[in-house]
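Please work through the exercises below with the sequence and the model at hand. Each task is followed by a solution in steps.

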Amino acid sequence: MAIRILYLHGISEIGGAERALLATLAGLDRTSWQPLVACPASGPLPRALKALRVPTYPMMYPAWRKLTDLPWRIPAWFHLMRLVRTLQPALLHVNDLYWVPQALHVARRWKIPLVATIRQNLNNPWRVRQYRLGQADVLITVSNTARSVLMQNRVPIERIQTIYSGVDTDRFCPDFDGTPIRKQFGIPKEAPVVGCLANVLAIKGYDILLEAFRTVANQHPMVHCLIVGRDDSTYGAQMRDLASRLGVADRTHFAGFQAEVRPFLAAMDLVVLASRSEGLGIALLEAMAMAKPVAASAVGGIPEVVVDGVTGRLVPPGDSTALGSAILEFLANPDGLVGAGRLGRRRVETMFTLQGEVEAIESVYCSLLHDKSKGAGTVARAPSFAGGS
């Protein structure tokens with residue numbers, strides 16, 4: 001009988017962390033593991049989980065750092081406690097650091113292992129203590145950079161394992177056609193397209209990208225910029241205004257959130273990520289899998305993904321001048337664009353496959369449950385299915 005894993009995630013929108021979770025769940029061996037997800041009741045994520053036939057359970061997660069959310073913590077704990085008592089999962093897996101404190105309380109009460117994936121850059125080391133990361137049974141870091149920060153903050157090395165996020169290279173392939181997307185936005189077939197796949201948030205550095213794009217547009221009259229990600233925020237409105245003030249609004253296209261990103265990536269010639277902070281950069285991996293060269297900030301785990309001068313270019317974070325120069329360098333060398341894209345695809349096939357990621361995660365589960373069964377003198381088993389929505 002498949003062993004139940006209850007995944008905890010507190011955001012209903014879909015960004016890099018959510019796409020990574022969905023990919024992992026799609027790749028799990030369902031004959032061995034039965035994934036269940038406790039997440040907000042409505043939004044793109046629960047809809048995507050339903051499409052994967054993964055049972056979901058409504059759950060809200062009060063912010064750990066906000067005093068205004070303090071009255072909701074105890075009710076949320078009790079709700080999760082009841083859910084775990086009903087479902088009786090063999091293991092809890094938190095999909096990002098924010099919900100570790102809430103999960104720890106429940107895991108201890110029911111004496112089940114807790115795994116947490118750390119998808120953040122952890123550029124503020126105090127978060128390690130604030131979110132009680134060292135108390136989880138296993139911390140999966142998506143980069144060696146995050147692993148180093150945990151170790152520097154006295155998290156036992158035996159509790160940390162780096163597992164790079166992976167991409168399904170059969171789904172994200174170079175053969176995808178981006179022509180319909182170009183037609184949709186009125187982008188000429190021969191026009192170079194600089195694109196970005198990320199929700200429009202300040203941490204993603206869209207203001208830096210647009211400043212760099214102005215420099216590029218001044219030298220390339222036909223270049224276009226395609227932005228794919230949720231943009232219905234104050235910052236999103238500010239970026240539309242900035243594009244107008246920089247004189248590039250007519251060639252900057254805000255596509256909004258897209259559940260299917262492959263046609264948009266296919267429409268791009270160069271993928272850019274100007275993040276101020278980044279755990280790994282799943283969008284870069286997806287772009288590289290589709291043989292797209294990339295230009296990105298040298299922050300967090302990104303230098304572990306992009307080989308500077310080979311699969312793309314790395315620039316200092318916050319430096320729009322350097323980013324603009326990197327983009328211009330690529331556009332001046334079409335053959336170099338193609339070559340870097342091919343090498344990027346090969347790098348993903350070697351180091352960042354979904355199969356490799358899933359196998360490594362399943363190995364963590366097996367090890368934890370084996371250790372638990374030895375301590376209890378029994379074999380870990382999944383209880384009978386309790387249903388879901």
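The model is predicted, so local features need pLDDT of at least 70 and side-chain atom pairs count only at pLDDT 80 or more, whereas totals for chains, interfaces and linings use all residues. Residues are numbered from 1 along each chain as its sequence is written, and side-chain values use heavy atoms, with hydrogens and water left out.

**Exercise 1. Salt bridges**

Task: Determine how many salt bridges a search of the whole structure finds, and characterise the one between Arg 230 and Glu 13.

Solution: 

Step 1. The criterion is a side-chain nitrogen of Lys or Arg within 4 Å of a carboxyl oxygen of Asp or Glu. Searching the whole structure in this way gives 14 salt bridges.

Step 2. For Arg 230 and Glu 13, the N to O distance is 2.9 Å. This pair links distant parts of the chain, 217 residues apart: Arg 230 is in the loop between strand E9 (224-228) and helix H9 (234-245), and Glu 13 is in the loop between strand E1 (3-8) and helix H1 (16-27). Helices (H or I, at least four residues) and strands (E, at least two) are DSSP runs, numbered from the N terminus.

Step 3. Accessibility is classed as buried under 20% relative accessible area, exposed over 50% and partly exposed in between (1.4 Å probe, protein chains only). Arg 230, at 33%, is partly exposed, and Glu 13, at 25%, is partly exposed too.

Step 4. A network of salt bridges links Glu 13, Arg 230 and Asp 232.

**Exercise 2. Two further pairs**

Task: Describe the salt bridges of Glu 211 with Arg 214 and of Asp 231 with Arg 240.

Solution: 

Step 1. The closest N and O atoms of Glu 211 and Arg 214 are 3.0 Å apart. About one helical turn separates these two residues, because they stand three residues apart in helix H8. Glu 211 is partly exposed at 27%, as is Arg 214 at 33%.

Step 2. In the salt bridge between Asp 231 and Arg 240, the closest N and O atoms are 3.0 Å apart. Asp 231 is buried, with a relative accessible area of 12%, while Arg 240 is partly exposed at 41%.

**Exercise 3. A charged patch**

Task: Which residues gather in a patch of positive charge on the surface?

Solution: 

Step 1. A charged patch is made of residues with over 30% relative accessible area and no salt bridge, like charges being joined within 9 Å. Lys and Arg count as positive.

Step 2. The patch consists of Arg 82, Arg 85, Arg 109 and Lys 111. Arg 82 belongs to helix H3 (residues 70-87) and is partly exposed, with a relative accessible area of 43%.

**Exercise 4. Buried residues**

Task: Is Lys 204 buried or exposed, and which residues does Leu 49 touch?

Solution: 

Step 1. Lys 204 lies in the loop between strand E8 (193-197) and helix H8 (206-219). Its relative accessibility of 17% makes Lys 204 buried. Leaving aside neighbours within four places in sequence, Lys 204 has contacts (heavy atoms within 4.5 Å) that include Asn 199 and Glu 278.

Step 2. Leu 49 sits in helix H2 (residues 44-51) and is buried at 0% relative accessibility. Not counting residues up to four places away in sequence, Leu 49 touches Leu 22, Leu 25, Val 37, Cys 39, Val 54 and Thr 56.

Conventions
Patches are made of residues with over 30% relative accessible area and no salt bridge: like charges are joined within 9 Å, nonpolar side chains (Val, Leu, Ile, Met, Phe, Trp, Tyr) within 5 Å. Accessible areas come from the Shrake-Rupley method with a 1.4 Å probe; for residues, only the protein chains shown count as cover. The place of a charge is taken as NZ of Lys, CZ of Arg, CG of Asp or CD of Glu.
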